[in-house]
Amino acid sequence: MTKAANPHPDLVDDIIADHREVEEVFKELEKNEDPPRRRDLVEHVVTELVRHSVAEEQYLYPTARRVLDDGDELADHELKEHAQAELVMKQIEKTDTDDPHFEELVGKLIGDIRHHIEDEEQDLLPKLRAACAETDLRELGEKFEKAKKAAPTRPHPAAPDRPPVDMIIGPGVGLIDRLRDALTGRGG
């Protein structure tokens, strides 16, 4: 079914679209040398990565565990990469742009996320598309998009990353993050 005939993208399409948006921010980060603009770009990409990761943890990985023979192994690998990226994002959050470590951390985050995207797009997502009915993937896509709207906007490395606990705690943490963002003027 074409996108024109299908007003709701499916889970795989949503995830790939997010990946492309993040890559665009990475490209801008790589060419922009203005420290305040770089900080804004980093904060934006961290917000988007956190939201994306939370939604994947709620819908992508549980589905992979349920429908793929190697789903547990794939999901565990991806969750480990999420945890590592969150630690780097938390370090970035605490580092000033004039600190030489800032650039090192941003470079590490970009490299780690590009690797993660490649893993998902080369292995997990094609397997999931082959194993799931189109209607199921569309329904999961809608849930994924709703989860991103309620998700936290800042990294929380110690937060649970598996349902049902993450689905209960995530929206509350997301609300606190959005209030904090509003008070500090941090855009998402």
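This is a predicted model: local features need pLDDT of at least 70, side-chain atom pairs count only at pLDDT 80 or more; totals for chains, interfaces and linings use all residues.
Close-up 1. The crossing of α3 and α4 is left-handed. Residues of the contact of α3 with α4 split by class into 11 nonpolar, five polar and eight charged. Helix α3 covers residues 71-93, and α4 covers 100-131.

**Close-up 2. Packing of α1 against α2.** Helix α1 spans residues 11-31. Helix α2 spans residues 35-67. What angle do α1 and α2 make where they pack? The angle is about 160°, with the axes of α1 and α2 10 Å apart. That angle makes α1 roughly antiparallel to α2. The crossing of α1 and α2 is left-handed.

**Close-up 3. Packing of α2 and α4.** Two packed helices are described by the angle between their axes and the distance between the axes. For α2 and α4, the axes cross at roughly 30°. They come within 12 Å. Angles under 35 degrees count as roughly parallel. α2 and α4 are therefore roughly parallel to each other. The crossing of α2 and α4 is left-handed.

Close-up 4. Side chains of opposite charge can pair when their charged atoms come close. Here the partners are Arg20 and Glu121, whose side chains meet in a salt bridge. The N to O distance is 2.7 Å. Arg20 sits in helix α1 and Glu121 in helix α4.

Close-up 5. Rolling a probe the size of a water molecule over the atoms shows where empty space is left. How many cavities of 30 Å³ or more does the structure hold? It holds one. The largest cavity contains about 100 Å³ of space. It is lined by 13 residues. Closest to its centre are Leu49, His52, Ser53, Ile113 and His116. Helices α1, α2, α3 and α4 each give two or more residues to the lining. By class, the lining of the largest cavity has six nonpolar, five polar and two charged residues.

**Close-up 6. The second largest pocket.** This pocket has a volume of about 160 Å³. Its lining is made up of 12 residues. Which of them are closest to the pocket centre? They are Tyr59, Thr63, Arg66, Leu140 and Lys143. The elements that give two or more residues to this lining are α2 and α5, the latter covering residues 134-150. Helix α2 gives the most, with six residues. The lining of the second largest pocket divides by class into six nonpolar, two polar and four charged residues.

Key. Residues are numbered from 1 along each chain as its sequence is written. Side-chain values use heavy atoms; hydrogens and water are left out. On a 1 Å grid over the protein atoms alone, a cavity is a set of points where a 1.4 Å probe fits but cannot get out, and a pocket is an open set with protein on both sides within 12 Å along at least five of seven lines; lining residues have an atom within 4 Å of a point. Grid points are joined across faces, edges and corners, and a volume is the space filled by probe spheres set on the points. Helices (H or I, at least four residues) and strands (E, at least two) are DSSP runs, numbered from the N terminus. Ala, Val, Leu, Ile, Met, Phe, Trp, Tyr, Cys and Pro count as nonpolar, Asp, Glu, Lys and Arg as charged, and the others, Gly among them, as polar. A crossing is left-handed if the near helix is turned anticlockwise from the far one by less than a right angle, and right-handed if clockwise. A salt bridge is a side-chain nitrogen of Lys or Arg within 4 Å of a carboxyl oxygen of Asp or Glu. Axes are lines fitted to C-alpha atoms, for helices over the stretch in contact, and angles run from 0 to 180 degrees between N-to-C directions. Angles under 35 degrees count as roughly parallel, over 145 as roughly antiparallel, 65 to 115 as roughly perpendicular and the rest as oblique.
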